[in-house]
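Q: Hi! I've just opened this one and would like to go through it with you. Can we start with the charged side chains?

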Amino acid sequence: MKDIKRQFAVIGLGRFGTSVAVTLQMLGHEVLAIDTDEEQVQKIAEHVTHVVQADTTDENALHALGLRNFDAVVVAIGADVQANVATTLLLKEMGIPYIVAKARNALHGKMLEKIGADRVVYPERDMGQRVAHSLISANVLDYIELSPELSLVEVTVPAVLAGKTLQQANMRALYGVNVVAIKRFDHLIVPPQPQEQIQESDILIVIGATDGIKRLENLV
Ligand code: ATP
């Protein structure tokens, strides 16, 4: 089946916005990249479908961009919180089906949620957590906090678990976590069966309560 080409717009072409825009384009989609700064716009021009220099807090300028039929818009304006919030609000009023907005901190994130952003992201906070978790535990390859209570981690296999089946490892009872997938060489076992034997070279993708995940991270 042929992948569907979708239309995205990214507003604010700092490091984060640029990375989102270029990645979407590389994934085969149409990308409109927008910034007030002509220099930022020029830098990305040859890497995305369209670029426009515009101030998205200006309602007329925003309407002129014709974003209504886009699948999603990413608001990646950073330091100027007011511009970030105003842009998100105007996009919401225009009826954009899916808005992702970047927040600088928890209060900013709350505002964006109240306005109706469909997804609020905290790139610096999330990357900081991921790096910290991978530093404190030799097993952790990646860490994503889904909520303050729930996390998803990618871990190498602690020696105590190697050779056991998932049933024998009993991780749900011992740590309150679920193995949702096993990466074995270049394939993924999803969902793994209870009889699946954990191999030393596997990577486990685990979801569970944050304190259980912490205990799992400390296993050797
Ligand atoms: P990063 O960490 O992603 O590099 P940042 O968080 O430091 O970025 P800024 O550089 O403050 O974010 O903002 C990102 C971009 O948003 C800038 O290139 C800036 O010109 C653009 N921007 C700011 N206000 C507006 C606006 N009203 N309309 C469009 N773009 C804007």
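A: Glu-196 forms a salt bridge with Arg-184, and the closest N and O atoms are 2.9 Å apart. A salt bridge here is a side-chain nitrogen of Lys or Arg within 4 Å of a carboxyl oxygen of Asp or Glu. This is a predicted model, where local features need pLDDT of at least 70 and side-chain atom pairs count only at pLDDT 80 or more, while totals for chains, interfaces and linings use all residues. Residues are numbered from 1 along each chain as its sequence is written, and side-chain values use heavy atoms, with hydrogens and water left out.

Q: Which parts does the pair Glu-196 and Arg-184 tie together?

A: Glu-196 lies in the loop between β10 (187-189) and β11 (203-209) and Arg-184 in strand β9 (residues 177-184), so the pair ties together parts that are 12 residues apart in sequence. Helices (H or I, at least four residues) and strands (E, at least two) are DSSP runs, numbered from the N terminus.

Q: Is Arg-184 buried or exposed?

A: Arg-184 is buried, at a relative accessible area of 9%. Glu-196 counts as partly exposed, at 21% relative accessibility. Buried means under 20% relative accessible area, exposed over 50%, and partly exposed in between (1.4 Å probe, protein chains only).

Q: And which residues are linked in a network of salt bridges?

A: Arg-184, Glu-196 and Asp-202 are.

Q: OK, how many salt bridges does the structure hold?

A: There are 6 salt bridges. One of them joins Lys-102 to Glu-124, with the closest N and O atoms 3.5 Å apart. Lys-102 is in strand β5 (residues 99-102) and Glu-124 in helix α6 (residues 123-136), so this pair ties together parts 22 residues apart in sequence.

Q: How covered are those two?

A: Lys-102 counts as buried at 10% relative accessibility, whereas Glu-124 is exposed, with a relative accessible area of 51%.

Q: Changing topic: what does the side chain of His-108 make a polar contact with?

A: Its partner is the side chain of Asn-84, at 3.0 Å. A polar contact is a pair of N or O atoms within 3.5 Å; within protein, one must be able to donate a hydrogen and the other to accept it, and residues adjacent in sequence count only if both atoms are side-chain atoms. His-108 sits in helix α5 (residues 106-115) and is buried, at 2% relative accessibility.

Q: Last one, what about the whole protein?

A: The protein has 9 helices and 11 strands, and buried residues make up 41% of its 220 residues.
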